[in-house]
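Have the viewer open as you go.

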Amino acid sequence: MEPICIIGAGPAGLMAAIWAARNQAKVLVLEANSTAGRKLLLTGGGRCNFTHAAGPEEIAKAFGKPGRFLRHGLYEFPPDEVREFFRWRELPSTVESDGCVFPISDQAADVRNILVAEAAKLGVRIRYQSRVQSVVATDGGFTVRAENGQILASRVILATGGLSWPQTGSTGDGYRFAAELGHAVVPPRPALVPLVAREPWVSDLAGVSLANVRLRATVDARELTAVGNMLFTQRGIGGPAAQDLSRHLTDVVFQNAHSIAIEIDVLPGLNEGQLDKRLQHGLQAQAKKNVANVLSECLSLPKQLLQTLCLLAGCGRGALAGQLPSEKRRQLTQWIKKLPLCITDTEPIARATVTRGGVSRDEIDPKTMESKIRPGLFFAGEVIDLDGPCGGYNLQMCWSTGALAGRSAAKTPGQMKEST
């Protein structure tokens, strides 16, 4: 079997290289950076949440309607086999309470290093600092022109990523290559991205984090929710819960450019009645203390947040617990359970964890990841119009599409020549 040219040494590209080489293909990977997997090193806060503890159907469902496109790849290389892949290479993993899977070492570099080592063991060549400038179709396949030479290949796998985190090398080149080869590209926009709010008081809370909040929004008569940790930013909210909600809001903001009202349930474990009783008891028991201090103790919430809520409820920062009218207490209860924000935008795509949009799924065979309009061209990872929620889903998509593209490309006969 003659060589395959893969563009991009991220998770999808490296996994594609490994599976192609496993199937007796010679593989050359072209990577623009001086090292592989730069974006991978940033995932999970550097810990690398590399998959989710779920079966193929649950993973596919998390992607919404596009999940149907993923089903075959997920069954071919499901999450449990991804975990086994790393375990057999002496990197066991652990499952956290929310289903997120991390390497036991908590080091993203260990995941990247295993991929690079396994590729090298199988004879894969990775040519670093080789930014590809163009991919041109020829009678015999493709001419891949890079800064340091060109490759004449019969099979090419585009695994260039999207536009998120451009400092890692994700510059959207793959979209251009695909378009020049005749593919439709869905306009890229941010997904899993912090949200921008109209309210000026959010900047006062920048850096304040909350655990296990519930966010709610109504869009086109659909109620949308997201649960998880949240962080206030200078311009709005971030963290896993806000990013998951952003997947549902980004299209509305992108297409209609209008604001969206959301509510934050700061304590979803208590209903309004239970919360009000707890507040009433705490305030009566410590009547001479500042309201925000009392609430911080009895609710285990950041004092800075509660001071802001006191202001919003009209009771002032210095209000004493014993002097708080019942009406103000009920208003505080409502603010804690239904803290309103008006979302006006998302942060730029450069701050997004993943990209929505990319090469149209309609023009890719989901059973092989091969182009339906350009034989010998394959796609893997974020360059495809696919994005899932936080929690390891997007890396699982990279592993599954990468493995399927690599194996499928290896079964397609062809040849490759190099020139300088």
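## Before you start

Keep in mind that this is a predicted model. Residue numbers start from 1 along the chain as its sequence is written.

## Salt bridges across the chain

Let's begin with charges: the structure holds 22 salt bridges. One of them joins R216 to E263, with the closest N and O atoms 3.4 Å apart. R216 belongs to strand β13 (residues 209-219) and E263 to strand β16 (residues 260-265), so this pair ties together parts that are 47 residues apart in sequence. How buried or exposed are the two partners? R216 has 19% relative accessibility and so counts as buried, with the cut-off for buried being under 20%. E263, at a relative accessible area of 29%, is partly exposed.

Another one to click on is R235 with E347, where the closest N and O atoms are 3.0 Å apart. Both ends sit in loops: R235 between β14 (222-232) and β15 (236-238), E347 between β17 (339-346) and β18 (354-359), and the two are 112 residues apart. R235 is partly exposed, its relative accessible area being 42%, while E347 is buried at 5% relative accessibility.

## A charged network

Next, look at D251 and R356, whose side chains meet in a salt bridge at 2.9 Å, N to O. This pair also links distant parts of the chain, since D251 is in helix α7 (residues 239-256) and R356 is in strand β18, 105 residues apart. R356 is buried, with 11% relative accessibility.

## G388, a buried loop glycine

Now for G388, which sits in the loop between β19 (377-379) and α12 (393-410). With 0% relative accessibility, G388 counts as buried. Leaving aside residues up to four places away in sequence, G388 touches F63, L192, R247 and N394.

## Helix α9 and its surroundings

Helix α9 covers residues 291-299, and its buried residues are V291, A292, V294, L295, S296 and L299. What do these residues pack against? Their partners are three other helices: α8 (272-285), α10 (303-312) and α11 (326-337).

Both ends of α9 deserve a look. At its start, a side-chain oxygen of N290 comes within 2.8 Å of the backbone nitrogen of A292. After α9 comes S300, which has a positive phi, near 55 degrees.

## Aromatic rings and the charges over them

On to the rings: a search of the whole structure turns up 5 aromatic pairs. F50, F85, F86 and W399 together make one aromatic cluster.

The charged end of R22 is over the ring of W19, at 5.2 Å from its centre. R47 lies over the face of F102, 3.7 Å from the ring centre.

How values were computed: This is a predicted model: local features need pLDDT of at least 70, side-chain atom pairs count only at pLDDT 80 or more; totals for chains, interfaces and linings use all residues. Side-chain values use heavy atoms; hydrogens and water are left out. Helices (H or I, at least four residues) and strands (E, at least two) are DSSP runs, numbered from the N terminus. Buried means under 20% relative accessible area, exposed over 50%, partly exposed in between (1.4 Å probe, protein chains only). Contact means heavy atoms within 4.5 Å. A salt bridge is a side-chain nitrogen of Lys or Arg within 4 Å of a carboxyl oxygen of Asp or Glu. A polar contact is a pair of N or O atoms within 3.5 Å; within protein, one must be able to donate a hydrogen and the other to accept it, and residues adjacent in sequence count only if both atoms are side-chain atoms. Rings of Phe, Tyr and Trp (its six-membered ring) pair if their centres lie within 6.5 Å; planes under 30 degrees apart count as stacked, over 60 as edge-to-face and the rest as tilted. A charge sits over a ring if NZ of Lys or CZ of Arg is within 6 Å of the ring centre and within 35 degrees of the ring normal.
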